[in-house]
Amino acid sequence: MSRPDDDYRWPHKHLLGLEDLTPADLRHILRTARGLEDVSTRSVKKVPALRGKVVVNLFFEDSTRTRASFHLAASRLSADVLEFSAKGSSVAKGETLRDTARNIEAMGIDAIVVRHQQSGAPHQLARSVQCSVINAGDGQHEHPTQGLLDIYTVARRLGRDDFDLTGITVAIVGDIAHSRVARSNVHGLRKLGAGVVLVGPTTLLPRGFADMGCELSHDLDEVLPRVDVVNMLRVQFERLQSQAFPSVREYSRFFGLTVKRMEKAKREVIVMHPGPINRGIEVESAVADGPNSAVLAQVANGLAVRMAALYLTTGVNAGVNTGGNA
Amino acid sequence: MSVMRVIADADKVKSLSDELCRSIAQGLSPKSGQPWALVGLRSRGDLLAQRLAKTLKPEHVGSIDITLYRDDLSEIGSQPLVRTTEIDFAIDGLNVVLVDDVLMTGRSIRAAMQSLIDLGRPRRVWLAVLVDRGGRELPISPDFAALDLTGKSRRNAVGEDELVEVYLEPADPCDAIVVRNRTEQGNAIP
C-alpha cells in the first residue's frame, strides 16, 4: 500500500534477546505495547487477538511474577495457557530439553515461553521446534521482556512517545556480571540512544561492557547526581556462590539506595527495580515506596510488553500479506 | 505503470463530507437533546470523525483501533501495528455514530462493534461512511454514506479487483478518493 504508516513489518518469529533486534524492531514492539496497555484498564480486560492459540509456560527455574505476567498476558489476548514446571515433571525424570519441548509441541502449541538456568537454552529450543519461542530469562544471558518493560517504563514516565531515548542517562546498579536483566537493558537502551552507566563492585563489573558503549563506575555517589534513571538490580543470593560478592552489609553501604543517598540525585530521578526487592539491601523502604519509585508501574507495564511479545511473534508465519479494504 | 483514477479531488471530498454531516444531523434529529458520540475507526475514519465533529459538535469524539478484533489476524503475514483506542467517556447508554472512510466487506465494522461493546453498552449505534463501494461479506449496511460506488449507477461502479482509498490530510499529502488496481503496489499519491 502507499500509506506511510504501514510499511514496517515485524519479522521475528522468536524473541530470544534484545541483542538480535534493530532499533526499529524495538520501537515497534514498544509501540505495540502502548496499544495494548489500555486493554488492562477497561471493563472487559480481554481482546480476541490470539483466540484459538495455545501458549505454554515452560519454566525450569523458579519464578512467580514473570510466569504470572506471561499467563495473564496470554489470557488477555484470549490464548489458552498451559503451565509446565520442571519440578515434579518428566524433566526431573531425565528428559532432555529438546524432547520435553517437542513433546509439548506435539500437543499443538503456538508459542513456548521458556525460562532456563542455562544461557542459550531458548536458542537451542528455537532450533528444535516449529512454534515461536519467547525467552523469559536464560541463565546469565538475557531477559528480553524485562529489558523491554524497563525501557517502556522510562519512556512512558518521561513522555518519550516515540521511544527515542537520546539524551537520557540510565544507571544500572549491582551485580552486573551475573545479571541477565542488565544485559538486556544495556542492549535495548544503547540501541534507542540512551547513555548507560554500570555501577557495582569491581569483582561484579566485567570490563567487556565498556565495548558495548557503557561507562563503568564503582562509585554510586558520584554517578547519582547526573543520571535520569537508576535501575537497582536484585542481589541474587541464590546465584552467589563465589567470593566475588562483598558482605551484604558492605554491599548495602556502598550500593544501597537510601533516603540519604537520594538527596544527591536529580529531583525527578526514576527509581526502578526488577523485583522482588530485598528491602533495606538494594533499596531502602522509604525510597521503594516513595514518589520516585516506578516499581509498580514496571509490573503493570510488564503485562503490556509481554502481550506485545506474544502478539507479534505468533503473528509471523509463511502467509502472504493481503492488504486492502476490509 | 499504476492504473489509478482519481474519482474525487479535495473540493469533492469537502462537499462529500459536508453532505455526510447533513445526513447525520438529519438522521439523528429525532434523538436531539440526547448526548451522542462520533467514534472513528483508525486511522482514516478517525480523521474523518474529527472533521465531522467540527460541524456536528457531538458531546464526545473518540477513536477505535480494531486490530485486535480482526478476524483475519491468523491469515495475514505479520501483525499490523496495534494503536491505542481513545474513548475517554462512558459508552453505556450513549448514542454512537461509527465513522469509517470506505465500507467494503463489513468486517472492520463488525470488529469495531465488538470492540465498542467490550467498552460498554451503547444505546444505539449508527454507521456513517464516506464511500460505500459494495462487496459486503457480512449483513452490515451503512446508515449514512456520502458516495455510493456499489454499482447502482454504472458510471460509478468499481470492479472487484479494484481498491478504493481515501486520502485525508494530515496523514496524506492531500485530500482525495482514488481507485487503483488491487495488484498494484504503487507509491504514488496524487
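**Figure 1. Crossing of helices α3(A) and α4(A).** In this predicted model, α3(A) and α4(A) pass each other in a right-handed crossing; a crossing is right-handed if the near helix is turned clockwise from the far one by less than a right angle, and left-handed if anticlockwise. Helix α3 covers residues 97–105 of chain A and helix α4 covers residues 121–128 of chain A. Helices (H or I, at least four residues) and strands (E, at least two) are DSSP runs, numbered from the N terminus. The two axes come within 10 Å and cross at roughly 50°, where axes are lines fitted to C-alpha atoms, for helices over the stretch in contact, and angles run from 0 to 180 degrees between N-to-C directions. The helices α3(A) and α4(A) are therefore oblique to each other; angles under 35 degrees count as roughly parallel, over 145 as roughly antiparallel, 65 to 115 as roughly perpendicular and the rest as oblique. On the side of α3(A), the residues A:L97, A:R98, A:A101 and A:R102 meet A:A121, A:Q124, A:L125 and A:S128 of α4(A). Two residues are in contact if their C-beta atoms, placed from the backbone, lie within 7 Å.

Residues are numbered from 1 along each chain as its sequence is written, while chains are lettered from A and ligands numbered from 1 in the order in which they are written. As the model is predicted, local features need pLDDT of at least 70 and side-chain atom pairs count only at pLDDT 80 or more, whereas totals for chains, interfaces and linings use all residues.

**Figure 2. The open parallel sheet of chain A.** Strands of a sheet pair through backbone hydrogen bonds, either parallel or antiparallel. Here four strands of chain A form an open sheet with parallel pairing, in the order β2-β1-β3-β4. Its edge strands, each pairing on one side only, are β2 (80–85) and β4 (132–138) of chain A. On average, neighbouring strands of this sheet are turned by 15° against each other, direction ignored. Strand β1 (residues 54–59) of chain A pairs with β2(A) in the parallel sense over six bridges; two strands pair if DSSP finds at least two bridges between them. A:F59 has A:S85 in β2(A) as its bridge partner.

**Figure 3. Helices α2(A) and α11(A) on the sheet.** Which strands does each helix lie across? Helix α2 (residues 65–76) of chain A lies across β1, β2, β3 (111–116) and β4 of chain A, and runs at about 175° to β1(A). Helix α11 (residues 295–315) of chain A lies across β1, β3 and β4 of chain A, at about 145° to β4(A). Two packed helices are described by the angle between their axes and the distance between the axes. For α2(A) and α11(A), the angle is about 60° and the axes are 8 Å apart. That angle makes α2(A) oblique to α11(A), and their crossing is right-handed. Residues of α2(A), namely A:S69, A:F70, A:L72, A:A73, A:A74 and A:R76, meet A:G302, A:L303, A:R306, A:M307 and A:L310 in α11(A).

Figure 4. A:F163 is not a glycine, although its phi is positive, about 55°. This residue is found in the loop between α5 (144–157) and β5 (169–173) of chain A. Is A:F163 buried or exposed? With 22 other C-beta atoms within 10 Å, A:F163 is buried; a residue is buried if 20 or more other C-beta atoms lie within 10 Å of its own, exposed if 12 or fewer, and partly exposed in between, with C-beta atoms placed from the backbone. In chain B, B:K57, a residue other than glycine, has a positive phi near 50°. B:K57 lies in the loop between α2 (44–56) and β3 (60–64) of chain B. B:K57 counts as exposed, with 9 C-beta neighbours inside 10 Å.

**Figure 5. Cis peptide bonds in chains A and B.** The bond from A:G275 to A:P276 is cis, with omega near -10°. A:P276 is found in the loop between β9 (270–272) and α10 (285–288) of chain A. In chain B, a cis peptide bond joins B:E169 and B:P170, where omega is about 5°. B:P170 is placed in the loop between β7 (162–167) and β8 (176–181) of chain B.
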